[in-house]
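Here are some notes for a colleague who is opening this structure for the first time. Please keep the sequence and the model side by side while reading the points below.

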Amino acid sequence: MQPTLANHGRTDQIRGAFRLVVWNAAFSATALLETGATGCVKSNSRNKHLQYFGNSIFLTLSHFINCTPTSYLTSNDRIYLKNVLESAKPYQDLQSVYYSVLGLKLLGETITNAQEMCNFAKTKLDAGNVESLYFASGIIKAIANCQISFPANAENVLNAAITDESAVQDLYYVTFALKNIGYKVDSVKISKVLNTALKKEDNALNLGYAFHMGTVLTDPNPLFERIEDAIVQADEVNGKLAQFEGGLSITAIVISGIYKLADRVKKPPALDADKCTKFANYFMSRKRVQVIRAAYYILDVINILANNKYHIPIVVSLVSKTAVSTSDPTVQVRVTNLLGGALGALKVSMEKAVNTLSEVVVKETPLLEVKSDKTLYEFNFMQSKPSSGFYKLHMSAIPVQSDNRLVGNKGSIVEVKVMTQIAVEGLEVGTVDVDQTTTPKLHRVQHPTKLSGILEIDYHQKLQMKFNLLDKVAGKNMLAHQVFVRLINLKTKQEIIFVAEPDSSRIYKFDLDINSKAKELGYLSGRYQLDLIVGDAVVANPFSWSICDLDLSFPEGVSGGKSDGNQYAPKPEIKHVFRQPEVRPSSVVSNSFTVLALAPLLLLILLWIKVGINLSNFKFDIGTLGFHLGLAAIFCLFIVFWLQLNMFTTLKYLTLIGTVTFLCGHRMLSRIAADK
């Protein structure tokens, strides 16, 4: 199984590279299709897309060839982690206090409430619990002048926990609790039980705990030989990060254990420089944790990676502004370990500068050390007169005195963009007939002035403009990312924007057929303002230039698609109209219907008078009175419903009255049946 596991990370890396190549290919192909669909971009733009496609593949593959650390622990990161560690107050359990005090010590902070932590450990100590003994002893060892008298049976409790059924984590707690308190560590017994536990389950976490235990055992070599077994279980992410399944805590426990064990046996671990760099990148990507335990693990492993005898990742980060120009030509980088500390005398240089077309424009250039800070190095990037655009600067940091511990010190990349000043040259604007039977009437306008006269143009003509953009630094024509022509109706303030396209010689040309764009202009004749808008990510002076005023005229009486007023003005409010109620019948019909409805009641009363009413069986008890009163109330409720109430309110009252009437009626009928 080991060869398969060993190749697992590389397989993921290759798959990730392949996915990025396919994604970039799809993106470039889409851009080509869109170009072909619009028909607006010339062949040079298609060539640019093809160059971008080739560049995407190159950058994608090179991304996986070189892996270097990406960031270090800044002062802001330290403040953030300190706040996380101090969030243990008010103290809840020994575990949070343990990680808080050890984390603050790693930060070099003074523990102001040390006595409070010590007293808390004394209060919460449970001598019969192995985990409690481990955390309490760790707190006592970390805090100076903190003395606790452990119960006499504490040593027996810890030794009794060393059994063949013990988990590796419990053995870890037992081992270091014995060491912290000062009891004898039975190395032979612990090694034997640990071997048994690892045979049952040798996952990354168990191996990590075992590596830490190996630092206090008599014979750590068998555990040292298992470092490779742990490393092959690591997963790679995008060829830049490496971690173990389970996240930050497990990864930190394993890596810190590996380097502590290697220091114990005085041999380099079975961990190559590339893998070490990927682990370092993973830890730095998780430095903004929110849990006290995670904050401690981050600080613990970063301190180890910054100070060990085998691998020290180097971070090259950009300190100066991303934008470089003739007025601010210096590129300044900081070269540090993961803690942001200096690395001694280094020879720092830029190996090459590569533009977005994968062209190497600047080769080997040394950087000068900044005297005020031993971690800062700088050089004048504009000295080589690079053209405007984006660049990847490949940096290297070689120690003056040989030091094989440094990893990731070659191929570090910082990105900058070279800014330029842009100018408009040779702008001519005018009109030409649609059938081109006459010579175009063009007027030259100098930026940033405005044409003094007004151009008159009607729907039989086209507006024509041409110009080129000059890169002042390079002294040649350039293309800008955003070049727009805007027409503003000076009366309604409505505007319409068009895109100006360059030809193969980088000359921008703009033709506007007034008749074909009449609908978009709302068929509104009158005064318009013509503006040119130019902008780009590498242009330091983007601008909006009012070139001239136009007098547009459309034929009178044309209203198709005409826009009345501002299309963004508030629209009339839409009010919902309910259906009108149907006409009610006349009062004569209504009264007649009421009399007919009451006629059966009148007939009932007359028949009762004629036949006679027998009330001898009427009993004045709760059931009889309640039933008849409830029945009368129901009839009254129906009358009120007819006159005033709605159905829902009536149903609520009817439920209450009907329930009482039903119960009373049931009691009345039961009494009558009993009497018979």
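Is Lys450 buried, partly exposed or exposed?

1. Lys450 is partly exposed, its relative accessible area being 40%, where buried means under 20%, exposed over 50% and partly exposed in between, with a 1.4 Å probe and protein chains only. This is a predicted model, in which local features need pLDDT of at least 70 and side-chain atom pairs count only at pLDDT 80 or more, while totals for chains, interfaces and linings use all residues. Residues are numbered from 1 along each chain as its sequence is written, and side-chain values use heavy atoms, without hydrogens and water.

2. The side chain of Lys450 meets that of Asp549 in a salt bridge of 3.1 Å, N to O, the term being used for a side-chain nitrogen of Lys or Arg within 4 Å of a carboxyl oxygen of Asp or Glu. The two residues are 99 apart in the chain, with Lys450 in the loop between β16 and β17 and Asp549 in strand β25; helices (H or I, at least four residues) and strands (E, at least two) are DSSP runs numbered from the N terminus. Asp549 is buried, at 14% relative accessible area.

3. Within helix α14, Lys278 and Asp274 lie four residues apart, about one turn of the helix, and their closest N and O atoms are 2.9 Å apart in a salt bridge. Lys278 is buried at 0%, whereas Asp274 is partly exposed at 29%. A network of salt bridges links Glu236, Asp274, Lys275 and Lys278.

4. Strands β10 and β11 form a hairpin with six residues between them.

Conventions
Two strands pair if DSSP finds at least two bridges between them.
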